[in-house]
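Please keep the sequence and the structure in view while reading.

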Amino acid sequence: MADSTENNSSYRLSFMVPVVLFVLFFAACCGVIATVFLRAAAETERAEQYSAAVQLCRNQAEICRSRAFPEADDLQTLYFGTDFAPASPEDGICYLTIAQELTETESGLLCKNTITAHTMDGAELYCLEVLRYLPDGGEAAA
Amino acid sequence: MKEKRFHIGSVAVLFSVVAVCMAIFCTLTMMTAISDAKSSQRYGEHLQAVYRCENLGQLWLSQVDAHLKTGAALPENTVVEGSTIRTEIISGGIRLEILLEASGEDYTIRRWSCATLWESEDSWSLWQ
């Protein structure tokens, strides 16, 4: 009788140990894989945001460059929402700031616009500098 | 004496296969994410290089305009042929070619061409 109980216990142990080890190993694998998936998702989101920032800066740069003379609109802060369409400051997920620097030359005006994309917490995403020459300070075109 | 052995059943084998598949998928996902990030980074850098080159072009234009209006010195790397004034600006792997047609104090931009520099690989023949 005692021998039978010992055999049962030994059998249960030899069955449970590999199962527990396997479950632990599987849980560890799942943890590592989940971490890698989360990092990949974060990386993809970062790339998407950077790509959108590049595109938004480029759009704004072309708007600034197409103007024949400096405008007050050039200096505003623009907010963009989740689909990177213009949004209110409350709904924005990123914003563009545009700084303007005017330098007089012998025959006209050099207008330098620095367009910077930021996340809502103020971190810089991308920056683009656009220089355009305005003959006669843009007066002729205006 | 009863032999002790590991009891690995079909469920364990199935779970192992699932774990391996998930590992492969997560590796592929990570590689795609890294590739996307690198690609957008490269595009951003390329755009900055293009705008740097364009900015140099605008600076050149201002100097040429000053030359036409006030007689100031022409910028370096400027070629004058009759009434045409041209230059080639190379910066950050981008080449900007500008050609102006001058008439008195005014000018007309005939060409403003910005392109990426590249070298043809002709050391080997494709059809042989």
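## The sheet of chain B

In this predicted model, chain B has an open sheet of 4 strands in the order E1-E2-E3-E4, with antiparallel pairing. Strand E1 (78-81) and E4 of chain B each have a single partner strand and stand at the edges, so one side of each is left without a neighbour in the sheet. On average, neighbouring strands of this sheet are turned by 15° against each other, direction ignored.

Some terms need their cut-offs. Helices (H or I, at least four residues) and strands (E, at least two) are DSSP runs, numbered from the N terminus. Two strands pair if DSSP finds at least two bridges between them. Axes are lines fitted to C-alpha atoms, for helices over the stretch in contact, and angles run from 0 to 180 degrees between N-to-C directions. Strands of a sheet pair through backbone hydrogen bonds, either parallel or antiparallel.

## Two hairpins in chain B

Strand E2 (residues 84-91) of chain B pairs with strand E3 (residues 94-103) of chain B over 8 bridges, in the antiparallel sense. Within this pair, Ile85(B) stands opposite Leu100(B). E2(B) and E3(B) form a hairpin with 2 residues between them, and Gly92(B) in the turn has a positive phi of about 55°.

E3(B) is also joined to strand E4 (residues 106-116) of chain B, by 10 bridges, and these two strands run antiparallel. Ile98(B) stands opposite Trp112(B) in E4(B). Leu100(B) has Ile109(B) as its bridge partner in E4(B). E3(B) and E4(B) form a hairpin too, with 2 residues between them; here Gly104(B) in the turn has a positive phi of about 70°.

## The helix of chain B

Helix H1 (residues 10-70) of chain B lies across E1, E2, E3 and E4 of chain B, and runs at about 20° to E3(B). H1(B) also lies across E3 and E4 of chain A, running at about 20° to E4(A). Contact here means heavy atoms within 4.5 Å.

The expected span of a helix is 1.5 Å times one less than its number of residues. For the 61 residues of H1(B) this should be 90 Å, and the end C-alpha atoms are 90 Å apart, which agrees. Just after H1(B) comes Gly71(B), with a positive phi of about 80°.

## The sheet of chain A

Chain A has an open sheet of 4 strands as well, in the order E1-E2-E3-E4, and the pairing is antiparallel. Its edges are strand E1 (78-80) and strand E4 (124-135), each with a single partner strand, so one side of each is left without a neighbour in the sheet. From one strand to the next, the twist averages 20°.

E3(A) and E4(A) pair in the antiparallel sense over 11 bridges. Leu109(A) stands opposite Leu134(A) in E4(A). Thr114(A) lies in strand E3 (residues 108-119) of chain A. Thr114(A) counts as buried because its relative accessibility is 18%; buried means under 20% relative accessible area, exposed over 50%, partly exposed in between (1.4 Å probe, protein chains only). Not counting residues up to four places away in sequence, Thr114(A) touches Thr97(A), Ile98(A), Ala99(A), Cys127(A), Leu128(A) and Glu129(A).

## Confidence and conventions

Chain B averages a pLDDT (the predictor's confidence in each residue, from 0 to 100) of 88, and 93% of the residues score at least 70. The model scores ipTM 0.79 and pTM 0.80.

Residues are numbered from 1 along each chain as its sequence is written, while chains are lettered from A and ligands numbered from 1 in the order in which they are written. Local features need pLDDT of at least 70, side-chain atom pairs count only at pLDDT 80 or more, and totals for chains, interfaces and linings use all residues; side-chain values use heavy atoms, with hydrogens and water left out.
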